[in-house]
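Q: I would like to learn how to read the features of a structure, starting with helix packing and then moving on to domains. Could we go through them one at a time?

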Amino acid sequence: MKFTAFLNGELNNAAKYLSSFANVCHADCTVLDGKFGTSPDCTWKPWVYEDRVAVAKQVTKFKSKLPNVTKQSQRSKITQFIAGKHSRQEFLPIIGKLCDKTYLEPLHLKNNAVKHLHALFLRLAISISNLPAKLNNVSEFPENCAMSRYMKAMHGQVNATQLNKRLERWLLDGRARDKDFSYCLTGKDSKLVLHGFMFLISAIKGDSEDLRLLCKLMFLAFLATKLRDCVAYFSMYHLTEENLLKLPSLAKDYFTAVALFSGHTGVSPTVWSIGYLVPVHTKWLFDKFGTGLGINAMQGREAKHVQIASYTKNSLFKQCWYQVFRHDYISKVWLLLRQPSLLAYHQARGTLIPPRVLRDPEHYCYCGFTKDAGKDACFYCDHSLMTEIRSVAQQKPTKVCLKYMS
């Protein structure tokens, strides 16, 4: 999304108008009954190329008339001017009219959404753990506290070892300096969290029967399940019409849940994009190419970029990139066209819905948690409070839900 903003000549996603794909701003990003599209009745519409060009030219003129003040003051005036034009455009788009052909990229959208989900888990676990202000070792955790159980589940049941190491490092160092936990999740980290989030929820709960805590955990279970299913569909390449029909309701429920209980602070560009852009962009690609958003994913390409960078070590400085891309073209395209060895295509079998759910529905609930044989759902999904949480989908949370979630 940052790269798209750069190519489009726009401000970054922290601007008042927060998306490269729609004219949504911070003032209306929490609207629950909005709609994105090209029809006249839509709340948000794609940016018009002619408007981009017109605003960029006005910004150029405005910059030339700015008084000789500090760079920070100049920058503030420029961003205010652009926001006043109901735009995020600063320069002419580098790629011209091709900026109208950009679509959401599902890999980093998934990673950012799971990062947001994990932040909600972490905040709740810390809030009930009574941790000391300074820790020298994780062994100093209070006995059987939620945070200790959370990290054990992260390592032993979710198997997200890298995320667990970063979390431990932050607890011992960054938290004492009032730094927020910051870690860019990889595709593997996100998949592991989406497979095992119910183990994290169970670890936070422990033996507690506090209804306020239970209600918050039910909300997190509802939110995580909706996100998991939504991501599973919008990350697909081989999408079916059945999947396409399910996606809008899943995206809507996810967005509604975040907006109702987090407000402006919780609705980030990622959350808004999943709620409103994902279903529309997925449908546009499906109607045009017969595929899902997976056709636009960066999955696997980052490894290729690392490989390309490694070629520079064996190239001449003056002809570095010419040699690098020539070598890459010969090995990846030229040789394959001459078929020195035929490569068979293998469709990916991995899924973001835990295999145990599909393989053993008798002992595992759809959320991924264990259940007793003969039961329709696990403790969390079968709890009376989960019925209250599901009312969020109708945009009308019950009194009980509001009481415990406040």
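Q: Which residues in H2 meet which residues in H3?
A: Please keep in mind that this is a predicted model. From H2, the residues Gln58, Val59, Phe62 and Lys63 meet Lys77, Ile78, Phe81 and Ile82 in H3. The residues of this contact divide into 5 nonpolar, 1 polar and 2 charged.

Q: At what angle do H2 and H3 pack, and how far apart are their axes?
A: Two packed helices are described by the angle between their axes together with the distance between those axes. Here helix H2 (residues 49-64) and helix H3 (residues 71-84) pack at about 150 degrees, with the axes 11 Å apart, and the crossing of H2 and H3 is right-handed.

Q: Why is helix H5 described as largely enclosed by the rest of the structure?
A: A residue is called buried when its relative accessible area is under 20%. Helix H5 (residues 146-156) is largely enclosed because 8 of its 11 residues are buried; among them are Met147, Arg149 and Tyr150. The buried residues of H5 pack against helix H4 (106-127), helix H6 (161-174) and helix H7 (187-205).

Q: How much area do domain 2 and domain 3 bury between them?
A: The size of an interface is often given as the accessible area lost when the parts come together. The domain assignment places domain 2 at 106-294 and domain 3 at 297-342, and the two bury about 390 Å² between them, 55% of it on carbon and sulfur atoms. In domain 2, Leu107, His108 and Gly294 lose the most area to domain 3, together 78% of what that side buries.

Methods: Residues are numbered from 1 along each chain as its sequence is written. This is a predicted model: local features need pLDDT of at least 70, side-chain atom pairs count only at pLDDT 80 or more; totals for chains, interfaces and linings use all residues. Side-chain values use heavy atoms; hydrogens and water are left out. Axes are lines fitted to C-alpha atoms, for helices over the stretch in contact, and angles run from 0 to 180 degrees between N-to-C directions. Helices (H or I, at least four residues) and strands (E, at least two) are DSSP runs, numbered from the N terminus. A crossing is left-handed if the near helix is turned anticlockwise from the far one by less than a right angle, and right-handed if clockwise. Contact means heavy atoms within 4.5 Å. Ala, Val, Leu, Ile, Met, Phe, Trp, Tyr, Cys and Pro count as nonpolar, Asp, Glu, Lys and Arg as charged, and the others, Gly among them, as polar. Buried means under 20% relative accessible area, exposed over 50%, partly exposed in between (1.4 Å probe, protein chains only). Domain bounds come from an automatic or database domain assignment. Buried area is the accessible area (1.4 Å probe) that two parts lose on being put together, summed over both.
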